[in-house]
Amino acid sequence: MVSWRVAAAGGRLLILLVAQQASAQAAEKVISVSAVVQPNTKKKPPHQQPKIRKCTEAQKQDILHECRGYVTAGSHIILPDLHSACCDAARSVQNLDMVCIVDLLTSEERSRYNANRIKHLNEMCRPWSPRC
């Protein structure tokens, strides 16, 4: 009878082939073959770490205040002037990242302010963008 046994030890895979003879005097022969086993280098995804924000709560509050005529939900749209306090507030955010500002909105603020208009400030307040 022939059977296989597999064991791992010290970073090596041991494959043991055990051959048994059917006679009473037979001894068990063990043939071992070893091969180097590479450890699993696939890393598990890191735990969610807090995102480093490119905008602050103070910047969000400044934009909501200075741009209230444009970003308030349900209001008539008053387009901000490129040189307005609203655009100055928007440009104070790194790369005009208005998605970051929207991400900071609380659920109450999301109901009071139009997130799409806040995001649109990126285009409205960029000095080199063509305005329609």
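I take a disulfide to be a pair of cysteine sulfur atoms within 2.5 Å. The model I am examining is predicted.

**Entry 1: disulfide count and pairing**

I searched the whole structure and found three disulfides. I then numbered the bonded cysteines of the chain in sequence order and read the pairing as 1-5, 2-3, 4-6.

**Entry 2: Cys55 and Cys100**

I looked up the disulfide that joins Cys55 to Cys100 and noted an S to S distance of 2.0 Å. The torsion about this S-S bond is about -90°, so I recorded the link as left-handed. Cys55 is in the loop between β3 (29–36) and α1, whereas Cys100 is in helix α4; the pair therefore ties together parts 45 residues apart in sequence. I found both Cys55 and Cys100 buried.

**Entry 3: Cys67 and Cys86**

Cys67 is joined to Cys86 with an S to S distance of 1.9 Å. I recorded this disulfide as right-handed because its S-S torsion is about 105°. The link connects distant parts of the chain, with Cys67 in the loop between α1 and α2 and Cys86 in helix α3, 19 residues apart. Why do I list Cys67 as buried? Its relative accessibility is 1%, and the cut-off for buried is under 20%. Cys86, at 4% relative accessibility, also counts as buried.

**Entry 4: Cys87 and Cys125**

I next examined Cys87 and Cys125, whose sulfur atoms are 2.1 Å apart in a disulfide. The angle about their S-S bond is -70°, and the link is left-handed. Cys87 belongs to helix α3 and Cys125 to the segment after α6, so this pair ties together parts 38 residues apart in sequence. I noted that Cys87 and Cys125 are buried.

**Entry 5: the nonpolar core**

The largest nonpolar core has 23 residues, and Cys125 is one of those that touch the most other members, together with Ile63, Val71, Met98, Ile101, Ile118 and Leu121. I listed the elements that give two or more residues to this core: α1 (57–66), α2 (68–71), α3 (85–91), α4 (98–104) and α6 (115–124). Helix α4 supplies the largest share, five residues.

Setting aside residues up to four places away in sequence, Ile101 touches Cys55, Thr56, Gln59, Lys60, Ile63, Val93 and Ile118.

**Entry 6: Glu109**

I located Glu109 in helix α5 (residues 107–112). Is this residue, Glu109, buried or exposed? I recorded Glu109 as buried because its relative accessible area is 11%. Which residues does Glu109 contact, leaving aside its neighbours within four places in sequence? I found Lys60, Gln61, Leu64 and Leu104.

Technical notes
Residues are numbered from 1 along each chain as its sequence is written. This is a predicted model: local features need pLDDT of at least 70, side-chain atom pairs count only at pLDDT 80 or more; totals for chains, interfaces and linings use all residues. Side-chain values use heavy atoms; hydrogens and water are left out. A nonpolar core is a set of buried Ala, Val, Leu, Ile, Met, Phe, Trp, Tyr and Cys residues joined through side-chain atoms within 4.5 Å. Buried means under 20% relative accessible area, exposed over 50%, partly exposed in between (1.4 Å probe, protein chains only). Helices (H or I, at least four residues) and strands (E, at least two) are DSSP runs, numbered from the N terminus. Contact means heavy atoms within 4.5 Å.
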